[in-house]
There are 2 protein chains.
Amino acid sequence: MAESRPTASVLVTGSELLTGLVADANGPFVSRALGDLGFEVRRVLLVGDRPEDLRSGLEFVAGDDLVVTTGGLGPTADDLTAEIVAEFCDAPMEVDTALQGRIHAKVAGWVARTGWDGPALDDSIAKQARVPRGASVLEPVGTAPGLAVARAGGPLVVVLPGPPRELTGMWPAALASPPVAALLARTPRAEPILLRFAGLPESEIAATLRDIERELDTSRVEVTTCLRRSELEVDLHPLPGAEDTARELSGRIVDAHRRRLISDDGRSTDELLAGALLASGRTVATGESCTGGLLAGRLIDRAGSSAYVAGGVVAYSNEAKSALLGVDPALIAEHGAVSPEVARALADGARERFGADIGVGVTGVAGPGGGTEAKPVGYVCFCVTTADGQVLARDPQLPGGRADVRERSVDLAMHLLLRVTGVTGAGAHR
Amino acid sequence: MAESRPTASVLVTGSELLTGLVADANGPFVSRALGDLGFEVRRVLLVGDRPEDLRSGLEFVAGDDLVVTTGGLGPTADDLTAEIVAEFCDAPMEVDTALQGRIHAKVAGWVARTGWDGPALDDSIAKQARVPRGASVLEPVGTAPGLAVARAGGPLVVVLPGPPRELTGMWPAALASPPVAALLARTPRAEPILLRFAGLPESEIAATLRDIERELDTSRVEVTTCLRRSELEVDLHPLPGAEDTARELSGRIVDAHRRRLISDDGRSTDELLAGALLASGRTVATGESCTGGLLAGRLIDRAGSSAYVAGGVVAYSNEAKSALLGVDPALIAEHGAVSPEVARALADGARERFGADIGVGVTGVAGPGGGTEAKPVGYVCFCVTTADGQVLARDPQLPGGRADVRERSVDLAMHLLLRVTGVTGAGAHR
């Protein structure tokens with residue numbers, strides 16, 4: 001079925017990426033953008049900077065309609081992508097003198113500031129102005145131009161710089177270049193649908209899909225599921241002409257799991273919560289123990305969050321819980337610092353101290369030490385309370401190590417906050 | 001030169017990775033681990049879940065000595081890695097009944113809790129217990145076993161699960177499995193050296209390396225640099241026999257930039273700070289505005305941090321700064337909420353409220369709104385004060401967007417805290 005979409009691959013170059021010290025951001029950016037444009041992205045390949053790595057990588061993806069390379073366009077001798085791509089496309093390299101002049105003009109300011117200049121700089125610019133004959137030149141964002149050049153009977157190759165800022169800056173020009181625009185014009189584009197669920201295991205979605213497939217031919221909708229931030233993302237990519245099927249499929253999945261739905265339009269918990277708080281004019285305060293500030297940090301991730309985040313206290317010790325959030329020491333003595341009672345006192349205390357409308361308290365055993373038989377590592381108590389008397393409490397046993405427990409705790413607290421605002425999956429849906 | 005090291009590639013499977021919705025963590029983990037073990041990592045390849053994607057991916061890397069695959073070991077029909085690897089290695093699939101029993105035992109608790117059970121579950125387990133004949137089975141961390149199986153005349157293939165927690169959990173067992181251990185025994189291992197610097201631009205290290213190369217043949221030491229958490233990591237990987245050269249090179253780099261050195265033994269700022277606080281028995285409290293809890297969250301990232309983190313307050317509003325940390329409203333009125341004076345008051349207030357030895361205050365303009373000509377987006381004031389009267393203050397203009405400014409602010413606060421503890425690069429060095 002997928003034959004009807006053009007295929008694409010991404011070739012990411014850079015020896016530093018193979019050390020694992022730095023994560024590649026270009027592969028995800030380009031593959032997502034290509035998928036949204038209607039391409040079937042077949043692979044992302046990370047290779048080193050050596051000519052043979054590039055050559056074998058290009059040959060590996062030579063069967064695709066489009067290949068996007070990133071990196072290896074710098075001024076130094078080990079930046080060889082343009083040359084190897086020229087060789088792959090059987091196009092000789094030529095100096096583009098107009099381009100050379102434009103790069104000179106671009107670096108003039110930098111030269112004036114730093115005093116760097118001379119033959120080494122001229123060589124660098126001359127190298128960056130050499131392009132394969134017949135290539136479309138993409139204007140430099142830094143000093144390296146991008147390229148779009150076709151191999152006869154093979155793929156169109158789009159050559160982009162490695163620094164993510166330069167790459168994303170050049171992306172619109174790449175799409176607008178004549179050979180890419182011509183390919184895009186032949187690429188049928190279908191809108192993807194993104195569903196988000198909370199607390200739904202992947203196996204449940206798999207079972208639902210199997211049920212639906214008995215009645216509905218879903219073979220022209222690519223479904224991928226992925227667990228992220230404790231939410232299950234279900235991504236429906238219709239092949240050309242299958243948009244109605246994708247909508248029908250989406251509706252049926254939502255009907256089967258409406259209670260777990262966060263959104264059917266791609267909006268995240270964070271986005272929905274921010275919107276709900278802004279709309280209602282309510283504010284939130286946090287009283288955190290095991291999550292130690294991460295929940296507050298997540299809440300204020302979004303620009304404009306000062307409108308609805310009143311503040312928070314990280315109260316690790318019992319003394320701090322009492323001194324800063326007014327938790328009764330007797331309550332801690334009776335129930336323990338990790339208890340639903342103390343979670344509620346943290347929520348109430350934070351709400352009152354900051355004069356907020358909603359308070360959230362989190363206390364738990366993040367590990368690796370500190371667990372007991374009754375309260376093992378991963379046992380976390382949550383409570384959300386509101387000025388008008390709502391109380392929402394949970395005390396699950398969360399799986400994983402210290403970092404997992406803390407991350408999942410923040411996710412769960414965000415979900416509880418969203419629930420208290422009254423925004424539900426059903427409400428967000430249609 | 002590199003011919004003397006065995007080569008390895010990583011084959012990461014998962015259609016969701018090609019959508020760009022989720023970043024791959026396994027490729028970086030495995031490639032770094034393999035590099036440290038002495039392998040020359042030639043490529044990291046991300047492919048979809050279809051049999052032909054896996055097949056062509058395996059053939060592409062068939063010339064390497066070791067191939068590590070991740071993902072595709074789940075219970076559903078599109079999890080095909082074990083089968084395709086068996087086919088690649090020409091080994092028939094067989095049910096390992098002992099393994100089947102162990103997986104049953106593993107899921108028994110989950111079944112009891114959830115009530116999920118029945119033929120679908122039995123099928124899943126039977127599928128996951130099918131392994132290629134002759135393969136070494138790596139005990140499941142979740143429910144999927146890993147595998148190590150060789151292709152005659154080709155690579156050793158190590159098959160690992162996709163969830164990062166399962167993969168990292170299984171890694172020690174993978175290295176200990178007989179075929180991998182045998183390959184490692186033939187792999188000359190040269191200890192890498194990791195240097196960390198604060199506030200050093202990459203171009204400076206490049207210039208230093210060029211200077212050193214005039215006097216020292218460094219061709220057998222692979223040097224990669226990478227900027228992470230506002231620190232420059234310089235990774236020196238000696239090829240076999242070049243350990244002395246790597247040590248010499250490391251010493252010269254350190255000598256050239258000793259003032260900027262954080263550590264020459266791979267230890268991070270966080271690790272050094274935790275060690276210094278534990279050793280001195282001192283505690284820290286935070287008063288955060290623009291970083292909104294992220295600094296507290298970073299401080300308590302480490303297990304055992306309750307010994308040295310007293311707590312923290314996230315005080316976004318002026319009222320909260322005054323009510324919870326005792327910041328004089330007149331001080332805010334006179335200097336503004338983002339000012340060195342208020343940063344100091346936040347530090348003092350946090351220290352006093354929590355009864356800590358060290359207080360740290362952070363207040364700044366994270367953006368995108370809120371900037372003025374005098375205090376633009378990215379202007380952040382830091383202050384660290386101690387009970388014995390030390391004061392360390394900074395108010396830099398940090399580059400980037402909201403997330404960048406906040407991340408860099410946390411990094412810088414960690415560096416200032418480290419400095420106040422008296423641990424310096426020179427001290428950490430030799």
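Helices (H or I, at least four residues) and strands (E, at least two) are DSSP runs, numbered from the N terminus. This is a predicted model, in which local features need pLDDT of at least 70 and side-chain atom pairs count only at pLDDT 80 or more, whereas totals for chains, interfaces and linings use all residues. Residues are numbered from 1 along each chain as its sequence is written, chains are lettered from A and ligands numbered from 1 in the order in which they are written, and side-chain values use heavy atoms, with hydrogens and water left out.

Figure 1. A:Pro368 is placed in the loop between strand 15 (358-364) and strand 16 of chain A.

**Figure 2. Strands 16 and 17 of chain A form a hairpin.** Strand 16 (residues 380-386) and strand 17 (residues 391-394) of chain A are antiparallel and share 4 bridges; two strands are said to pair if DSSP finds at least two bridges between them. A:Thr385 has A:Val391, in strand 17 of chain A, as its bridge partner. Between the two strands of the hairpin there are 4 residues, and A:Gly389 in the turn has a positive phi of about 95°.

**Figure 3. Chain A meets chain B in an interface with 65 residues of chain A and 63 residues of chain B in contact.** Contact means heavy atoms within 4.5 Å. The size of an interface is often given as the accessible area lost when the parts come together. Chains A and B bury about 4900 Å² between them, with 62% of it on carbon and sulfur atoms; buried area is the accessible area (1.4 Å probe) that two parts lose on being put together, summed over both. Between chain A and chain B there are 22 residue pairs in polar contact, both residues being at pLDDT 80 or more. A polar contact is a pair of N or O atoms within 3.5 Å; within protein, one must be able to donate a hydrogen and the other to accept it, and residues adjacent in sequence count only if both atoms are side-chain atoms. The side of chain A that touches chain B comprises 29 nonpolar, 19 polar and 17 charged residues. In this classification Ala, Val, Leu, Ile, Met, Phe, Trp, Tyr, Cys and Pro count as nonpolar, Asp, Glu, Lys and Arg as charged, and the others, Gly among them, as polar.

**Figure 4. Strand 2 of chain A runs antiparallel to strand 2 of chain B.** The two strands are joined by 5 bridges, and the partner in chain B spans residues 40-47. Opposite A:Leu46 stands B:Val44, in strand 2 of chain B. One of the salt bridges joins the side chains of A:Glu40 and B:Arg50 at 2.8 Å, N to O. Strand 2 (residues 40-47) of chain A gives the most to the side of chain A that touches chain B, with 8 residues.

**Figure 5. Domain 1 and domain 2 of chain A are linked by 1 salt bridge.** The assignment for chain A, which is automatic or taken from a database, gives domain 1 (2-185), domain 2 (193-263) and domain 3 (269-426). The C-alpha centres of domains 1 and 2 of chain A are 36 Å apart. Here 5 residues of domain 1 of chain A are in contact with 5 residues of domain 2 of chain A, and the two domains bury about 430 Å² between them, 47% of it on carbon and sulfur atoms. The side chains of A:Glu222 and A:Arg5 meet in a salt bridge of 2.8 Å, N to O.

Note on methods. Salt bridge = Lys/Arg side-chain N within 4 Å of Asp/Glu carboxyl O.
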